[in-house]
Amino acid sequence: MLFLDNGNNHDPAFNLALEEYCLLNLPIDENYLLFYVNAPSIIIGKHQNTLEEIDTDFVQEHGIRVVRRISGGGAVYHDLGNLNFSFIRRYEKSQFNNYREFTAPVLAALHELGVPAELNGRNDILADGRKVSGNAQAVRRDRMVSHGTLLFRSELDNVVHALKPKPGKMISKGIQSVRSRVVNIGDFLPDTVTMENFRATLLKHLFPGTATPPQHVLSPDALEDVHALAQSRYRSWDWNYGESPAFNLQRIQRFAVGEVDARLFVERGHVKAAKFHGDFFTSRDIAELEQAITGIRYHPDDLRMALQPIHAEEFFEGVAIEELVKLLY
């Protein structure tokens, strides 16, 4: 197995692009291991509805990035206290959805550190009954990746708040995350054990008998391709939000003018239909408001741009455009 050095890059778009590039392009007569630590971010499963998984207000206020990955499974929170690992190898049918082989050296390292860890069910690692690692896999042609998270000293309050969707009724065909009780691996370790110590212990178990893991070094041209993929896919709204399955959304809020019940149908990231109900009074035809936001990208900037020219604040007296945007998104 060869180690892939990500250059200590904490950009989730770059790291997921690096993983995909290596999966698709490296010689598959070798197995590879990639470690990376991301800046605060939510990594959405391939088949999930992004907005069904996150608190959009909390995410925006705290500058948390949202990036979709190529594997299935649920949404996970990453930050500088979370170590991520990816095994890349030739695809074998017997290895897909079989996480025991990939997590065994990770479990051995945790046991050496004194962490009471065990593989639970199909793809989670638990410590003292609480989740410290979630794992997922993806197959591309004759290759596969098995990757997972390791909550080392993550900000668990952010995990709870960021992965808590805004109140409202949403119906979609997206695969929803199963919320689990989580705990940091660091809670079972002395404060003196750093992320570097933890990483080194893992490497010792993953590359036994070697002081320095053998590496595969990407060429400058390959790194350029990784950056291009990060820009075209992993930083794009179309991939991270627009790829979400179609969904119906209902949000209700009581304002001074009365209760506003907003209902949207969103498909391929665009508003296909909009309806407003409630006991509010308005001097304008509400159909004008509904038509203004139909067909636009479902994004707060686009909602704002559609609402301003029609003076949307006049539909519900005392309700500013920004309040409407927060209701709708």
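Mentor: Helices (H or I, at least four residues) and strands (E, at least two) are DSSP runs, numbered from the N terminus. The model is predicted, so local features need pLDDT of at least 70 and side-chain atom pairs 80 or more, while totals for chains, interfaces and linings use all residues. Residues are numbered from 1 along each chain, and side-chain values use heavy atoms, without hydrogens or water.

Trainee: How much space lies in the largest pocket?

Mentor: A pocket is an open set of points on a 1 Å grid over the protein atoms alone, where a 1.4 Å probe fits, with protein on both sides within 12 Å along at least five of seven lines; lining residues have an atom within 4 Å of a point. Its volume is the space filled by probe spheres set on points joined across faces, edges and corners. For the largest pocket this gives about 870 Å³.

Trainee: Which residues are the closest to the centre of the largest pocket?

Mentor: The lining of this pocket has 41 residues. The closest to the centre are Gly-74, Ala-75, Val-76, Lys-131 and Gly-134.

Trainee: Which element gives the largest share of the lining of the largest pocket?

Mentor: At least two lining residues each come from strand S5 (76–78), strand S6 (82–90), strand S9 (130–140), strand S10 (143–151) and helix H5 (156–162). The largest share, six residues, belongs to S9.

Trainee: How many residues of the lining of the largest pocket are charged?

Mentor: Asp, Glu, Lys and Arg count as charged; Ala, Val, Leu, Ile, Met, Phe, Trp, Tyr, Cys and Pro as nonpolar; the others, Gly among them, as polar. The lining of the largest pocket has 16 nonpolar and 20 polar residues, and the charged ones number five.

Trainee: How many nonpolar residues line the second largest pocket?

Mentor: This pocket holds about 330 Å³ of space, and among the residues closest to its centre are Ile-64, Val-66 and Tyr-241. Helix H1 (12–25), helix H3 (56–61), strand S4 (65–68) and helix H8 (237–242) each supply at least two lining residues. Beside five polar and three charged residues, the nonpolar count is 12.

Trainee: Which are the edge strands of the open sheet of four strands?

Mentor: Strands pair if DSSP finds at least two bridges between them. The order is S11-S12-S13-S14, with antiparallel pairing. An edge strand pairs on one side only, as do strand S11 (169–172) and strand S14 (270–278).

Trainee: What is the bridge partner of Ile-171 in S12?

Mentor: S11 and strand S12 (residues 247–255) pair in the antiparallel sense over four bridges. In S12, the partner of Ile-171 is Asn-248.
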